[in-house]
Amino acid sequence: MRTSFINQLIEEARHNDRIFLLVGDLGYHVVEPFAQEFPSRFMNVGIAEQNMAGIAAGLAMLGYNVYFYSIGNFPTLRCLEQIRNDIAYHNANVKVVAVGAGYAYGSLGATHQATEEIGCLRSLPNMVVATPGDPVEVCAITKLSTNYDGPMYIRLGKAGEKVVHKEEAIEMNIGDICPIRIVEGNRIAVFACGNILDDARHQIEDNNLPYNLFSVPFVKPMNIEQLKTIVESHPNGIITIEEHQKSCGMGSALIEILNDLYVEGKIRHYPKVKRIAIPDEFADVVGTQIYLREYEGLKII
């Protein structure tokens, strides 16, 4: 995912001289091509993410569309106050990019795991929260973000994520939900958020489960009309799966939206929603991303 992000950002920067990239002393062998091609629009701020958020806000005030990029929890949880006060409060044109979502850095322990940040950032006014599920969605969201004027969080996997979409490229609008595996007659919908998408697809296909699968590339906002259609066409309910704390994640956001739609009379029934996510605990072991997913029970069956 990170390579897809940088490659697409380079392509967009060739046609848009407002794109500026900040990094926190990382991304070697990934961000160098951008730095070499656009040295005047690249800065390594060092291991100082709180300062980087302030610099990003300042550059945005000068007219740049700024991307600041670091590992998982560091550009998010470490500088949440700066994101809130410097970026979101001013509706600044800044894109917070975290590489290594969920348990991608599982062997480094809880200090390097991004498993709560969706909840933190989706609560901020003005903030769009993007959670691409595969490299195709990464490219589409990166392209979309270069033309979006406002704060956005882009949550990436680390490396090696499989392509799930059959198309080489897709177009999307902010909030869109992407159908991945649709079989006529299936009455349960699975919503997968982020880089667990391919795992969810294999769980469904390998076990011949009668579920339709949708990717949720945006936790905030979600396309309400699409959501209403999916709910009405899957009367047996919805399953959500994500590599994030169960509280305040994609499943929570979905339940909040569905509750409001039901109260407002915009959906005829309130669907059953089963949430699969990280329980209210820190992982007390270290291991690979695959191992920690299994350890924390991120399984549809």
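User: Contact means heavy atoms within 4.5 Å; with that settled, which strands does helix α3 lie across?
Analyst: Helix α3 (residues 49–61) lies across β1, β3 and β4, and it runs at about 165 degrees to β3. Helices (H or I, at least four residues) and strands (E, at least two) are DSSP runs, numbered from the N terminus. Axes are lines fitted to C-alpha atoms, for helices over the stretch in contact, and angles run from 0 to 180 degrees between N-to-C directions.

User: What kind of model is this?
Analyst: This is a predicted model, in which local features need pLDDT of at least 70 and side-chain atom pairs count only at pLDDT 80 or more, while totals for chains, interfaces and linings use all residues. Residues are numbered from 1 along each chain as its sequence is written, and side-chain values use heavy atoms, with hydrogens and water left out.

User: Back to the sheet. What is the strand order?
Analyst: The open sheet of 7 strands is ordered β2-β1-β3-β4-β6-β5-β10, and its pairing is mixed. Two strands pair if DSSP finds at least two bridges between them.

User: Which are the edge strands?
Analyst: They are β2 (42–44) and β10 (218–220), each of which pairs on one side only. From one strand to the next, the twist averages 20 degrees.

User: How many bridges join β1 and β2?
Analyst: Strand β1 (residues 19–23) pairs with β2 in the parallel sense over 3 bridges. Within this pair, Val-23 stands opposite Asn-44 in β2.

User: And what does helix α1 touch on the sheet?
Analyst: Helix α1 (residues 2–13) packs on the sheet and touches β1, β3 (65–71), β4 (94–99) and β6 (152–156). The direction of α1 makes about 145 degrees with that of β1.

User: Is Val-94 buried or exposed?
Analyst: Val-94, in strand β4, has a relative accessible area of 0% and is therefore buried. Buried means under 20% relative accessible area, exposed over 50%, and partly exposed in between (1.4 Å probe, protein chains only).

User: Which residues does Val-94 touch?
Analyst: Setting aside residues up to four places away in sequence, Val-94 touches Ala-56, Ala-57, Ala-60, Val-66, Phe-68, Ile-87, Gly-150, Pro-151 and Met-152. The C-alpha atoms of Val-94 and Val-66 are separated by 4.7 Å, with the two residues 28 apart along the chain.

User: At what angle do α3 and α4 pack?
Analyst: Helices α3 and α4 (residues 80–88) pack at an angle of about 5 degrees, with their axes 9 Å apart. That makes α3 roughly parallel to α4. Angles under 35 degrees count as roughly parallel, over 145 as roughly antiparallel, 65 to 115 as roughly perpendicular and the rest as oblique. The contact involves Gln-50, Ala-53, Gly-54 and Ala-57 of α3 together with Gln-82, Asp-86 and Ile-87 of α4.

User: What about α8 and α9, at what angle do they pack?
Analyst: There the angle is about 85 degrees, with the axes of α8 and α9 12 Å apart. That makes α8 roughly perpendicular to α9. From α8 the contact uses Ile-224, Leu-227, Lys-228 and Val-231, and from α9 it uses Leu-254, Ile-257, Leu-258 and Leu-261.

User: Changing topic: how many salt bridges does the structure hold?
Analyst: It holds 14. A salt bridge is a side-chain nitrogen of Lys or Arg within 4 Å of a carboxyl oxygen of Asp or Glu. One of them joins Lys-228 and Glu-225 (3.4 Å, N to O). Both residues lie in helix α8 (residues 224–233), 3 residues apart, about one turn of the helix.

User: Which residue forms a salt bridge with Glu-243?
Analyst: Its partner is Arg-293, with the closest N and O atoms 2.5 Å apart. This pair links distant parts of the chain, since Glu-243 is in strand β11 (residues 238–245) and Arg-293 in helix α10 (residues 289–295), 50 residues apart. Glu-243 is buried at 1% relative accessible area, and Arg-293 also counts as buried at 9%.

User: Where does Asn-195 lie?
Analyst: Asn-195 is in the loop between β8 (188–193) and α7 (197–206). With a relative accessible area of 8%, Asn-195 is buried. Beyond neighbours within four places in sequence, its contacts include Glu-243 and Arg-293, among others.

Conventions
Contact = heavy atoms within 4.5 Å.
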